[in-house]
Amino acid sequence: MSPFKNNNEDNRQRWLACVLGQLPAGSRLLDAGAGELKNHRYCNHLTYVSQDFCEFKGGGKYSEGLSPANWDTSRIDIVSDITAIPEPDGSFDAILCSEVLEHLPEPTHALDEFTRLLKPRGVLILTAPFYSNVHMAPYHFCSGFSKYWYEHHLVQRDFQITELVANGDWYALLYQEITRLGSMERQRGNWIWPMAYAYALLGYMYFTLRGKQFREDLACFGWHVVAVKN
């Protein structure tokens with residue numbers, strides 16, 4: 001059995017559940033790039049509106065990267081480009097955009113649209129990868145969203161950042177990719193895949209024994225951001 005555990009995903013979903021749960025009841029929230037509405041479950045106390053461009057249908061059997069074979073966006077409320085959402089200025093109390101910016105050719109244009117759509121003192125909740133394997137091909141354009149990217153572009157748009165936290169660190173990233181190796185090699189029919197599992201188990205033992213030391217200054221899965229529009 002593979003020791004692989006998706007700490008990236010687990011950490012992010014716990015954080016989103018907490019942050020979304022703290023929004024005032026009845027707030028009108030836009031889930032921009034909502035996909036299959038994974039985060040809708042945290043928004044039962046909110047007036048939830050989903051948006052997506054609905055062009056990605058799944059990667060099929062022979063997809064590039066880690067793209068899912070099937071992708072269902074049939075429940076999306078607003079089908080549009082994320083940089084031109086057909087809603088009036090100041091329509092939302094909060095906007096969520098989680099793991100979407102990497103799929104945009106010009107991600108700062110989405111920030112401009114979020115700025116337009118948020119009410120004064122509206123809350124913007126963002127996550128995007130600092131490190132990412134290819135997924136949702138061919139709609140995967142960039143990665144490397146550092147804390148400095150948010151500090152530059154959000155402040156430039158008159159947002160006050162109230163939370164900016166790393167998801168994991170360089171060690172967590174390395175551990176996850178090592179433990180992914182066995183299943184990846186087996187899926188691709190590499191005859192030496194049992195050794196990959198052994199290597200992954202050695203990695204698991206190493207990271208268990210080394211204890212908790214952190215290097216989010218070097219790399220991480222991504223940054224979790226809450227910002228308020230001034």
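**Exercise 1. The strand β1**

How many of the five residues of β1 are buried?

Solution. First, the ground rules. This is a predicted model, in which local features need pLDDT of at least 70 and side-chain atom pairs count only at pLDDT 80 or more, while totals for chains, interfaces and linings use all residues. Residues are numbered from 1 along each chain as its sequence is written, and side-chain values use heavy atoms, with hydrogens and water left out.

Next, the terms. Buried means under 20% relative accessible area, exposed means over 50%, and partly exposed lies in between (1.4 Å probe, protein chains only). Helices (H or I, at least four residues) and strands (E, at least two) are DSSP runs, numbered from the N terminus.

Now the count. Four of the five residues of β1 are buried, so β1 is largely enclosed by the rest of the structure.

**Exercise 2. Sheet order**

Solution. Step one: take the pairing rule. Two strands pair if DSSP finds at least two bridges between them. Step two: read the order. The open sheet has seven strands, β3-β2-β1-β4-β5-β7-β6, with mixed pairing. Its edge strands, β3 (78-79) and β6 (159-167), each pair on one side only.

Step three: go to the neighbours of β1. With β2 (residues 47-52), β1 forms five bridges in the parallel sense. There, D31 has S50 as its bridge partner. L30 is partnered by I95 of β4, and L29 stands opposite A94.

**Exercise 3. The nonpolar cores**

Find the residues that touch the most other members of the largest nonpolar core.

Solution. A nonpolar core is a set of buried Ala, Val, Leu, Ile, Met, Phe, Trp, Tyr and Cys residues joined through side-chain atoms within 4.5 Å. The largest has 29 residues, and I82, I95, L101, F114, L126, Y150 and L154 touch the most other members. Elements that each supply at least two residues include β1 (28-32), α2 (107-117) and β7 (222-229). A second, separate core has 19 residues, among them A34, L37, L46 and A94.

Zoom in on L154. Contact means heavy atoms within 4.5 Å. Beyond its neighbours within four places in sequence, L154 contacts L111, L124, L126, F159, I161, V225 and A227.

**Exercise 4. Helix α4**

Solution. The expected span is 1.5 Å times one less than the number of residues. For the 18 residues of α4 (residues 170-187) that gives 26 Å; the end C-alpha atoms are 26 Å apart, which agrees. For the bend, take the angle between axes fitted to the seven residues ending at a position and the seven starting there. At L181 the bend is about 35°.

Then look at packing. Buried residues of α4 include L173, I178 and G182. The buried residues of α4 pack against α1 (7-21) and α5 (193-210). Just after α4, G189 has a positive phi of about 70°.

**Exercise 5. Cysteines**

Solution. The criterion is a pair of cysteine sulfur atoms within 2.5 Å. The closest cysteine sulfur to that of C54 is in C97, at 14 Å, too far for a bond. The disulfide count is zero.
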